[in-house]
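This report covers aromatic contacts and strand pairing. The sequence and model come first.

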Amino acid sequence: IANYIMFEMGQPLHIYDLDKLGNTICFENAKNGEKITTLNGESVEVPVGSISITDGKKMVCLAGIIGTKDVEVTSGTKNILIESACFDAVKIRVACQKTHIGTIASYRYERGVDSDNCINSGSLVAEKVLEICGGKLNSAFVIDNNKEENVKVISIKKANKLNGINITAQRANMPKW
């Protein structure tokens, strides 16, 4: 379901077996020498500084790239956690290069995803899981919006130099109508 929604919405998603994960999920920078066994069974050393997702004790996902066997969803899974996040494109690219792992999710993250699409995509996955698999929704979502404001302030002097023009500060602040 998550993969279908990723293709439809462009937002990479990950689903964890919540009973295997426990009550804690942490996003942090990977430490030196951490190893994981990925969903495809490969043992991989995670590059220092990569974004790791842990259960508070051990890494359960190389963020934006691939999950681990430890929290894999199986036919016996009863409770899930849906992750719909926006990760740093450069960190994802560096981790992919160093681990030699490339996934459809990492491909999308490397090229940038719309952080404002996370909630819609995660909600759609939850809706489809309920529709197809049944069950009930226990809680909605957590927003940890650390994204930097996408507005940069520069001086009139620098704007004039960059644009090859010469306007005054008073003229720059004039309304258009």
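## Aromatic cluster and sheet

Phe-27, Phe-87 and Tyr-109 form one aromatic cluster. The model is predicted: local features need pLDDT of at least 70, side-chain atom pairs count only at pLDDT 80 or more, and totals for chains, interfaces and linings use all residues. Residues are numbered from 1 along each chain as its sequence is written, and side-chain values use heavy atoms, with hydrogens and water left out.

The whole structure holds two aromatic pairs. Phe-27 and Phe-87 make a tilted pair, 6.1 Å centre to centre with 35° between the planes. Rings of Phe, Tyr and Trp (its six-membered ring) pair if their centres lie within 6.5 Å; planes under 30 degrees apart count as stacked, over 60 as edge-to-face and the rest as tilted.

What does this pair tie together? Phe-27 lies in strand 2 (residues 26-29) and Phe-87 in the loop between strand 8 (80-84) and helix 3 (89-99), so the pair links parts 60 residues apart in sequence. Helices (H or I, at least four residues) and strands (E, at least two) are DSSP runs, numbered from the N terminus.

Is Phe-87 buried or exposed? Phe-87 is buried, at 10% relative accessibility. Phe-27 is partly exposed, at 46%. Buried means under 20% relative accessible area, exposed over 50%, and partly exposed in between (1.4 Å probe, protein chains only).

A charge also meets a ring. The charged end of Arg-111 sits over the ring of Tyr-107, 3.6 Å from its centre. The criterion is NZ of Lys or CZ of Arg within 6 Å of the ring centre and within 35 degrees of the ring normal.

Two strands pair if DSSP finds at least two bridges between them.

| Strands | Bridges | Opposite residues |
|---|---|---|
| strand 2 and strand 5 | four bridges | Cys-26 and Thr-54 |
| strand 5 and strand 6 | three bridges | Ile-53 and Cys-61 |
| strand 6 and strand 7 | two bridges | Leu-62 and Ile-66 |

Two hairpins follow. Strand 5 and strand 6 form a hairpin with four residues between them, and Gly-56 in the turn has a positive phi of about 95°. Strand 6 and strand 7 form a hairpin with three residues between them; here Gly-64 in the turn has a positive phi of about 80°.
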